[in-house]
Amino acid sequence: KLSYALLIHTLMAFTSYARLWLKVHTAQQVVVGSVIGWLFGVSYFVLVQSILRPLCFDRLQCSALGEYFALKDNTALCDVLQLERELSMRLQAERVDAKQQRTKDKQP
């Protein structure tokens with residue numbers, strides 16, 4: 001998670017520098033925009049983690065809309081990407097097996 005945070009902050013710094021270098025914004029505008037963006041980000045995080053997730057997510061997840069969009073709470077998973085990789089590999093193996101079975105069934 002630290003590497004993602006460093007990547008995002010590096011991209012933010014490059015974007016801020018580019019805005020100044022291209023003379024699209026002044027340094028004061030870039031700083032004020034960064035502070036406003038930071039405040040909105042922290043506010044959104046607090047809103048979601050403290051209010052929406054504990055009070056509403058379970059109901060939303062079990063609703064018709066949640067089932068349609070397949071909403072799931074993955075916060076207990078340590079590595080979501082690893083899980084996705086494993087599921088993808090398992091699905092690919094099942095498809096190959098099904099294709100081989102269909103080929104065997106077609107042979108006389």
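This report looks at a pocket and at the cysteines of a predicted model.

## About the model

Because the model is predicted, local features need pLDDT of at least 70 and side-chain atom pairs count only at pLDDT 80 or more, while totals for chains, interfaces and linings use all residues. Residues are numbered from 1 along each chain as its sequence is written, and side-chain values use heavy atoms, with hydrogens and water left out.

## The second largest pocket

Let's start with the second largest pocket, which holds about 210 Å³ of space. A pocket here is an open set of points on a 1 Å grid over the protein atoms alone, where a 1.4 Å probe fits, with protein on both sides within 12 Å along at least five of seven lines; lining residues have an atom within 4 Å of a point. The volume is the space filled by probe spheres set on the points, which are joined across faces, edges and corners.

Its lining consists of Ala-5, Ile-8, His-9, Met-12, Ser-16, Gly-33, Ser-34, Gly-37 and Trp-38. Two or more of these residues come from each of α1 (2-21) and α2 (27-62), helices being DSSP runs of H or I with at least four residues, numbered from the N terminus. The largest share, 5 residues, belongs to α1.

## The cysteines

How many disulfides does the whole structure have? The search finds 0, a disulfide being a pair of cysteine sulfur atoms within 2.5 Å. The sulfur of Cys-56 is too far for a bond because the closest cysteine sulfur, in Cys-62, is 13 Å away.

Cys-56 is partly exposed, at 37% relative accessibility, whereas Cys-62 is exposed, at 61%. Buried means under 20% relative accessible area, exposed over 50%, and partly exposed in between, with a 1.4 Å probe and protein chains only.
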